[in-house]
Amino acid sequence: MKGTAGTLPCPAAERGHQQMVREQYMTTTPGTSLERPKNEYVYKIGIYGWRKRCLYLFVLLLLIILVVNFSLTIWILKVMWFSPTGMGHLRVTKEGLRLEGESEFLFPLYAKEIHSRVDSSLLLQSTHNVTVNARNSNGEVTGRLNVGPKMVEFHSQQFQINSKDGKPLFTVDENEVVIGTDKLRVTGPEGALFEHSVETPLVKAEAFKQLRLESPTRSLSMDAPRGINIKAQAGNIEALSQMDIKLHSSDGVLLLDAETVRLPKLPEGTRGGSGISQGLYEICVCPDGKLYLSVAGMGSTCQEYSRVCQ
């Protein structure tokens, strides 16, 4: 059995609609009193029950967290000594950062310039070593200074020490070592040891000290284009050799300029018979250049005592 399509009325909707119509169109005349119908349903607006208690608990928890965070912030500011000019011993100035007292860095420190106060020195200290690196724009290390417990290392193309006036005092590179001071003083008990040649205009000992030039296993050579001057103002000059000492002049002469010239160990010439010596001798020269003594007489006696040349 077929029926027509339609909508079924809802009782609850009809009652609500009738109630709204009665409230809208109901009027009262003077002198009459009509009781309004009682509402069958009452809807409460707000949060009640356990939801309200949870909301209050959440707000209280937020207040507690806020108070704790504020207290911790105040404590951190007080412990770290925060101030408008810096933090603790660290001060922020126009020239950069100023750090008072001792500081410990756990990681690398990058700075353009580090200097101490005017009235104190700068101290860099580490339990292992102190390394200072210089880098170029590409980040490559161009210079390194490493101060270790047993050795100080410097890696660079050139090492130079200047005076306060900017004058180079000590320069080292791959080719040479240049000392720019007027005087180089070696105070070690063994002196200075050079494996190769040394070029210098003057070698001088301290006052009242001896100057000794020694080559233990090889030869010692002194060369100069304009001459070599050996001078002792208040002492003697000794030349000791196990073999020979040669004085050679290719174009000049050998000059012995002194009030007294002594040759104490010259051999005495001999002849066939015994000569009579009165304590006077003359110096004779063999064809090979050997010197010997001959008993002086009225004339030359070198020929008579020339057996030493044989």
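Strand β6 and strand β7 (residues 152–155) pair in the antiparallel sense over four bridges, where strands are DSSP runs of E of at least two residues, numbered from the N terminus, and two strands pair if DSSP finds at least two bridges between them. This is a predicted model, in which local features need pLDDT of at least 70 and side-chain atom pairs count only at pLDDT 80 or more, while totals for chains, interfaces and linings use all residues. Residues are numbered from 1 along each chain as its sequence is written, and side-chain values use heavy atoms, with hydrogens and water left out.

**The hairpin**
- β6 and β7 form a hairpin, with four residues between the two strands.
- V147 has V152 as its bridge partner in β7.

**N146**
- N146 lies in strand β6, which covers residues 141–147, and N146 is buried, with a relative accessible area of 19% (buried means under 20%, with a 1.4 Å probe and protein chains only).
- Leaving aside residues up to four places away in sequence, N146 touches N129, V130, T131, M151, V152 and E153, contact meaning heavy atoms within 4.5 Å.
- The side chains of N146 and T131 are joined by a polar contact of 3.4 Å, a term for a pair of N or O atoms within 3.5 Å of which, within protein, one must be able to donate a hydrogen and the other to accept it, and residues adjacent in sequence count only if both atoms are side-chain atoms.

Key
Buried < 20%, exposed > 50% of the residue type's maximum accessible area, 1.4 Å probe, protein only.
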